[in-house]
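Please read it with the coordinates open.

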Amino acid sequence: MHELIQLFTVFARIGAVTFGGGYAMLPILQAEVVEKYHWATEEELADYYAVGQCTPGVIAVNTATFIGMKRKGIPGGITATLGVVFPSLVIITVIAAFLSNFAQIQFVKDAFAGIRVCVCVLIFNAIKKLAKGALVDKLTILLFLTVMGINLFSDLSPAWLVVLSGIVGLSAKKAGGEL
């Protein structure tokens, strides 16, 4: 029971202080889940994000569910998921009640513009951390550049990119290549 409460409170804290969606949560998830509580490794967290990108729903919610499931099975998955969405539910309810009255005030517009910039920086830092652990040899760098190019210049679903990258990884490992 103690660990379920801990899962809820950790993910509620993450959900309460993260603006910008699932990608912006990555640095906080790394700090809490990987470094502080050791509930997952950096590689596992990257895998959860990859699978969360491919499955329906919000990435942060999917990731919380995966980590909760790993720790305490179905009750853990439900608890972590409720924890990560609870602050947003409360905050959105309060904001919705008042935002229409304040949305046109220049101060509010400026504050949101600043928050968006900060979220971009948080996402960039998360990408740097992930890249250090993922781009470990020539094949992974080539795969990264290829997938990034396809993603930038086509409308192919990210889910297909993850599936195709997984196939390339399996094929390279079977062929004795690095990955």
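1. Which residues lie nearest the centre of the largest pocket? They are Ala46, Ala50, Leu130, Ala134 and Phe144, which belong to a lining of 34 residues. A pocket here is an open set of points on a 1 Å grid over the protein atoms alone, where a 1.4 Å probe fits and protein lies on both sides within 12 Å along at least five of seven lines, and lining residues have an atom within 4 Å of a point.

2. Before going further, please note that this is a predicted model, in which local features need pLDDT of at least 70 and side-chain atom pairs count only at pLDDT 80 or more, while totals for chains, interfaces and linings use all residues. Residues are numbered from 1 along each chain as its sequence is written, and side-chain values use heavy atoms, with hydrogens and water left out.

3. The protein chain has seven helices and zero strands, where helices are DSSP runs of H or I with at least four residues and strands are runs of E with at least two, numbered from the N terminus. The C-alpha trace of the chain spans about 60 × 45 × 25 Å along its principal axes.

4. The largest pocket has a volume of about 1,600 Å³, a volume being the space filled by probe spheres set on the grid points, which are joined across faces, edges and corners. At least two lining residues come from each of helix 2 (22–36), helix 3 (42–54), helix 5 (106–134), helix 6 (138–153) and helix 7 (158–174). By class, the lining comprises 23 nonpolar, seven polar and four charged residues (Ala, Val, Leu, Ile, Met, Phe, Trp, Tyr, Cys and Pro count as nonpolar, Asp, Glu, Lys and Arg as charged, and the others, Gly among them, as polar).

5. Helix 6 and helix 7 pack at about 160 degrees with their axes 11 Å apart, the axes being lines fitted to C-alpha atoms over the stretch in contact and the angles running from 0 to 180 degrees between N-to-C directions. The two helices are therefore roughly antiparallel, a term used for angles over 145 degrees. Their contact (heavy atoms within 4.5 Å) involves Leu139, Leu143, Val147, Ile150 and Asn151 of helix 6 and Leu161, Ser165, Val168 and Ala172 of helix 7. These contact residues divide into seven nonpolar, two polar and no charged.

6. The axes of helix 1 (residues 2–17) and helix 4 (residues 59–102) come within 7 Å and cross at roughly 40 degrees. Helix 1 and helix 4 are therefore oblique to each other, and their contact has 15 nonpolar, six polar and three charged residues.

Note on methods. Parallel < 35°, antiparallel > 145°, perpendicular 65-115°, else oblique.
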